[in-house]
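Visitor: Could you take me through this model, one element at a time, with the cut-offs behind each term?

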Amino acid sequence: MTPRLTAEFWVQAYLARLRLADIPAFVTARGDATAGAVLVKLNTLDGRAQALTRSFDASGARVWVALAEGAEAEVDAALARQRGFDPDLWIVEVEDRAGRHLLDQPGLAD
């Protein structure tokens with residue numbers, strides 16, 4: 001079995017990485033500290049947003065994919081629905097006009 005990071009540890013490391021890049025971010029929903037899933041809301045501060053979730057591609061590699069995107073209110077509604085299905089879910093909101101979330105960088109992408 002491959003060891004996994006706890007959800008809380010991953011979220012704290014992600015927030016630290018964002019701080020180093022001067023990208024504001026905060027936890028809007030705190031899930032289970034050990035095994036909660038993590039969703040990332042990218043808010044571009046123009047009324048639009050995107051919700052990203054981890055998934056697997058055709059080769060079995062872990063990737064971040066869009067769960068919802070569009071008007072911020074619609075993305076918030078999608079996140080609320082997901083939180084209703086899974087109360088252990090973490091939601092991290094990233095605010096960046098340029099759309100940077102760093103999830104494609106080494107250590108965060110996989």
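**A helix and its sheet**

Guide: Helix α1 (residues 7-20) has 14 residues and reaches 20 Å from its first C-alpha to its last, close to the 20 Å expected at 1.5 Å a residue, where the expected span is 1.5 Å times one less than the number of residues. Helices (H or I, at least four residues) and strands (E, at least two) are DSSP runs, numbered from the N terminus. This is a predicted model, in which local features need pLDDT of at least 70 and side-chain atom pairs count only at pLDDT 80 or more, while totals for chains, interfaces and linings use all residues. Residues are numbered from 1 along each chain as its sequence is written, and side-chain values use heavy atoms, with hydrogens and water left out.

Visitor: Within what arc do the buried residues of α1 fall, seen down its axis?

Guide: Buried means under 20% relative accessible area and exposed over 50%, with partly exposed in between (1.4 Å probe, protein chains only). The buried residues of α1 are Ala-7, Trp-10, Val-11, Tyr-14, Leu-15 and Leu-18. Taking the directions from the helix axis to the C-beta atoms, these buried residues line one face of the helix, because they fall within an arc of 135°.

Visitor: Which exposed residues does the face of α1 turned away from its buried side carry?

Guide: The buried residues of α1 pack against β1 (25-29), β2 (38-43), β3 (48-56), β4 (62-71) and β5 (90-95), with contact meaning heavy atoms within 4.5 Å. The face turned away from that buried side carries Phe-9, Arg-19 and Leu-20.

Visitor: In what order do the five strands form the open sheet, and which are its edge strands?

Guide: Two strands pair if DSSP finds at least two bridges between them, and here the pairing is mixed, in the order β1-β5-β2-β3-β4. Each edge strand pairs on one side only, and these strands are β1 and β4.

Visitor: How many residues of β2 are buried?

Guide: Six bridges join β2 to β5, which run parallel, whereas β2 and β3 pair in the antiparallel sense over five bridges. Val-38, Val-40 and Leu-42 point one way from β2, and Leu-39, Lys-41 and Asn-43 the other way. The strand is largely enclosed by the rest of the structure, because the residues of β2 that are buried number six of the six.
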